[in-house]
Amino acid sequence: MKAILFREIKSFFGSPIGYLVIGLFLLLNGLFLWVFEGDFNILNSGYADLNPFFTLAPWILIFLIPAVTMRSFSDEKKLGTIELLLTKPLSSWQIVNGKFLGSLFLIIIALLPTLLYVLVISDYGNPPGNLDVGSTLGSYFGLLFLVSSYTAIGIFTSTLSENQIVAFLVAVFLCFLFYFGFEGLASFSGSWADVVAALGMDYHFNSISRGILDTRDVIYFVSITLFFLAATVYQLNNLKN
């Protein structure tokens with residue numbers, strides 16, 4: 001698995017992909033949070049908190065993570081190297097985990113510079129340092145769980161087609177469905193609204209963002225991640241057979 005993981009990381013940073021993803025994520029967040037006028041501009045909000053960032057980031061990542069993961073297996077299938085990969089002395093789970101962790105590592109690297117926002121907002125507080133640390137830490141934990149789920153979905157969709165664009169579009173659709181779709185369906189569900197809303201990532205992400213790490217929210221994100229990783233393993237086993 002380590003060999004797959006290091007190969008993925010090397011491929012990301014051995015080409016412009018890794019730097020482009022990190023730069024694009026930071027650029028888009030920086031522009032919306034500090035430059036462009038609007039609801040996401042922190043300086044104009046009047047509050048020393050990072051809520052605009054944690055509202056914006058999941059939407060940017062809906063497009064950015066599928067762009068990272070779309071080549072994971074679709075590229076192997078297109079180049080004909082998938083057969084070589086499957087003949088290595090590795091289990092399907094080890095191959096999938098290597099691909100998953102490689103993509104996850106890149107996204108976490110992209111998130112790390114945003115910790116500077118915490119220092120900036122803390123200095124802008126009145127008095128300086130007046131920042132809800134619990135909520136901020138909870139939101140970062142929630143974002144990590146969200147990124148993990150998005151990445152697992154993207155890895156899965158990359159097994160569905162050798163066309164990277166198809167893998168990208170399907171991943172964007174599924175990430176959008178799980179993040180916002182159930183909340184939209186809840187408004188038409190009457191007495192079942194709370195149950196339907198609880199199926200969506202947004203519901204559990206907002207719950208963790210309050211600064212309380214509820215085991216139900218953790219189990220939800222871990223279950224989504226494991227489900228799509230298991231689905232990816234199933235796809236690979238079908239290719240082996």
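**Entry 1: a glycine.** I began with G184, which sits in helix α9. A reminder to myself before going on: this is a predicted model. Is G184 buried, partly exposed or exposed? I found a relative accessible area of 25%, so G184 is partly exposed, as buried would need a value under 20%. I also looked up how far G184 lies from F36: their C-alpha atoms are 28 Å apart, and 148 residues separate the two along the chain.

**Entry 2: the partner of α9.** Next I checked how α9 meets α8. Helix α8 covers residues 133–157 and helix α9 covers residues 164–186. I read an angle of about 145 degrees for their packing, and their axes are 9 Å apart. The crossing of α8 past α9 is right-handed.

Which residues make this contact? From α8 I listed L146, Y150, I153, G154 and T157. From α9 I listed A167, V170, A171, L174, C175, F178 and Y179. Sorting the residues of the contact by type gave me 10 nonpolar and two polar, with no charged ones.

**Entry 3: a serine in α8.** I stayed with helix α8 and picked S148, which lies in that helix. Is S148 buried or exposed? Its relative accessibility is 14%, so I put S148 down as buried; the cut-off I used is under 20%. Leaving out residues up to four places away in sequence, I found that S148 touches F100, L104 and T225.

**Entry 4: helix α3.** Last, I went over helix α3, residues 51–69. I counted 19 residues, and the helix reaches 27 Å from its first C-alpha to its last. That is close to the 27 Å expected at 1.5 Å a residue. Where is the kink in α3 centred? I placed it on L61, with a bend of about 35 degrees.

I also looked up burial along α3: 14 of its 19 residues are buried, so α3 is largely enclosed by the rest of the structure.

Technical notes: Residues numbered from 1 in each chain as written. Predicted model: local features only at pLDDT ≥ 70, side-chain atom pairs only at ≥ 80, totals over all residues. Heavy atoms only, no water. Helix = DSSP H or I, 4+ residues; strand = E, 2+ residues; numbered from the N terminus. Expected span 1.5 Å × (residues − 1). Bend = angle between axes of the 7 residues up to and from the residue. Buried < 20%, exposed > 50% of the residue type's maximum accessible area, 1.4 Å probe, protein only. Axes fitted to C-alpha atoms, helices over the stretch in contact; angles between N-to-C directions. Left-handed = near helix turned anticlockwise from the far one by under 90°. Contact = heavy atoms within 4.5 Å. Nonpolar A, V, L, I, M, F, W, Y, C, P; charged D, E, K, R; others polar.
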